[in-house]
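Please keep the sequence and the model in view while reading.

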Amino acid sequence: MITIVPTTEVALAHRAYYVAVAESGHIAAVSRAGDGTLLAPDHTTCMTFRLPEDAGDVAISAAGSLLAVTARGRLTLISTSTFRPVHRLNESFECSCFNPAGALWSAARWDEDSVAVEVREPETWRVVARAELTDPFRDSSFSIVPHPDGKHVAIWAAAGQDGQCLFWAHRDGSQIIFTRFPGVESTTPPSFTPPGDRFLVVCDLNELREYIFPLGPLHKKMPWPFDDMNNQIGDRVSYADSSRALLDSDSQRLYLVDLRIMAITDEVSLRGHEPKPVAEVYPKLGDELGLCSGQGHFAPLPTGGFLSVHHAACHDSLLTWHLPPRRSPSG
């Protein structure tokens, strides 16, 4: 096991159900009830805030100056200097994300068969491109993931047991062009390499796959190697570098994958948050077997390294940390 000493650790005064990371290094963490904390790029300076309504989705602009909060169909843009609304939109919104230039992508539900995907220019928030996307499963939930090239986004349509799929979208003048990624009907959202030429997904609840962007082919795959029913594959994966990835399990444990051979080479834990019996982390789940770490989320930081959220008795802690460099074959 690789045990890592966190670079920073902040105890939040609330749960962190939604976590958004800006290119600037700002981190926003928000509870389901709307309690929030904004961490400055040093990841130790905190500002707390309260959202007026229960949040359903939270995005942050590249500079960390704006939050886009979707709550009960309304999308509200909030300044992170005052935590006051600067603009509101009412169109049955489901999700949004900012691109590096500040444009806002969003998806709003039209009916059970389709959503409206829109791009708005910054400052005025005027719609500059719009298109209808047919819901592949009817009444799916949607999320939008920016692509590193700043031009594309990934749109993840998820309908539980009915399936999940991916679309790529890009703006072409006032139009938005959609391309459904072929061959996957049960998938997580993608994790892209920094150049955006490859991406990782967990498919069919048992397999890590790496594809070439945008339309394949399948590059490599790895079935989940453990038979322990209390420790199956999770739904979060992220590149650590060009040849390594981090993959979680459904028991909140974290594993290092060597992408050259598509094999798990080690387990990763954070000092002070090592895997423990489930009852020690979640006393109400005293009958659950196996180990867990209380880790509810992890994501890469644009400035290098990772963040992770860890459960405590009445709050969550937000940690930042770095993986050790990949060892050379000689040592």
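The model is predicted: local features need pLDDT of at least 70, side-chain atom pairs count only at pLDDT 80 or more, and totals for chains, interfaces and linings use all residues. Residues are numbered from 1 along each chain as its sequence is written, and side-chain values use heavy atoms, with hydrogens and water left out. The largest nonpolar core has 23 residues, and a search of the whole structure finds 19 salt bridges. The structure holds zero disulfides.

**Nonpolar cores**

- A nonpolar core is a set of buried Ala, Val, Leu, Ile, Met, Phe, Trp, Tyr and Cys residues joined through side-chain atoms within 4.5 Å. Buried means under 20% relative accessible area, exposed means over 50%, and partly exposed lies in between (1.4 Å probe, protein chains only).
- In soluble globular proteins, nonpolar side chains tend to be buried together.
- Within the largest core, of 23 residues, W105, I144, I155 and I176 have the most contacts.
- At least two residues of this core come from each of β11 (93–98), β12 (104–111), β13 (114–120), β14 (127–134), β15 (141–146), β16 (152–158) and β17 (164–172). The largest share, four residues, is supplied by β14. Strands (E, at least two residues) are DSSP runs, numbered from the N terminus.
- Another core, of 15 residues, lies apart from the largest one and includes A20, V58, V69 and I78.
- I176 is in contact (heavy atoms within 4.5 Å) with W105, V117, E118, V119, A129, R130, A131, A169 and H170, leaving aside its neighbours within four places in sequence.

**Strand pairing and hairpins**

- Two strands pair if DSSP finds at least two bridges between them.
- β16 and β17 pair in the antiparallel sense over seven bridges. W156 has L166, in β17, as its bridge partner.
- Five residues separate β16 from β17 in a hairpin, and G160 in the turn has a positive phi of about 60°.
- β17 also runs antiparallel to β18 (residues 175–180), to which six bridges join it. Here H170 has I177, in β18, as its bridge partner.
- The hairpin of β17 and β18 has two residues between the strands, and G173 in its turn has a positive phi of about 65°.

**Salt bridges**

- A salt bridge is a side-chain nitrogen of Lys or Arg within 4 Å of a carboxyl oxygen of Asp or Glu. Side chains of opposite charge can pair when their charged atoms come close.
- E121 forms a salt bridge with R126, with the closest N and O atoms 3.3 Å apart. E121 is partly exposed, at a relative accessible area of 25%.
- D204 and R209 are joined by a salt bridge of 2.9 Å, N to O. D204 is partly exposed at 41% relative accessibility, whereas R209 is buried at 11%.
- D241 and R244 form a salt bridge whose closest N and O atoms are 2.8 Å apart. D241 is partly exposed at 26% relative accessibility, whereas R244 is buried at 10%.
- A network of salt bridges links E91, E118, R120 and R130.

**Cysteines**

- No disulfide (a pair of cysteine sulfur atoms within 2.5 Å) is present in the structure. For C95, the nearest cysteine sulfur is that of C97, 8.0 Å away. C95 is buried, at 1% relative accessibility.
- The closest cysteine sulfur to that of C165 belongs to C203 and is 11 Å away, so it is too far for a bond. C165 is buried, at 0% relative accessibility.

**Two individual residues**

- S191 is found in strand β19 (residues 191–192) and is buried, at 9% relative accessibility. A polar atom of the S191 side chain lies 3.4 Å from the backbone nitrogen of Y239.
- Beyond its neighbours within four places in sequence, S191 is in contact with R198, F199, L200, V237, S238 and Y239.
- P122 lies in the loop between β13 and β14 and is partly exposed, at 30% relative accessibility.
- P122 and A103 are 19 residues apart along the chain, and their C-alpha atoms are separated by 5.2 Å. Not counting residues up to four places away in sequence, P122 touches A101, G102 and A103.

Technical notes. Polar contact = N/O pair within 3.5 Å; in protein donor to acceptor, adjacent residues only side chain to side chain.
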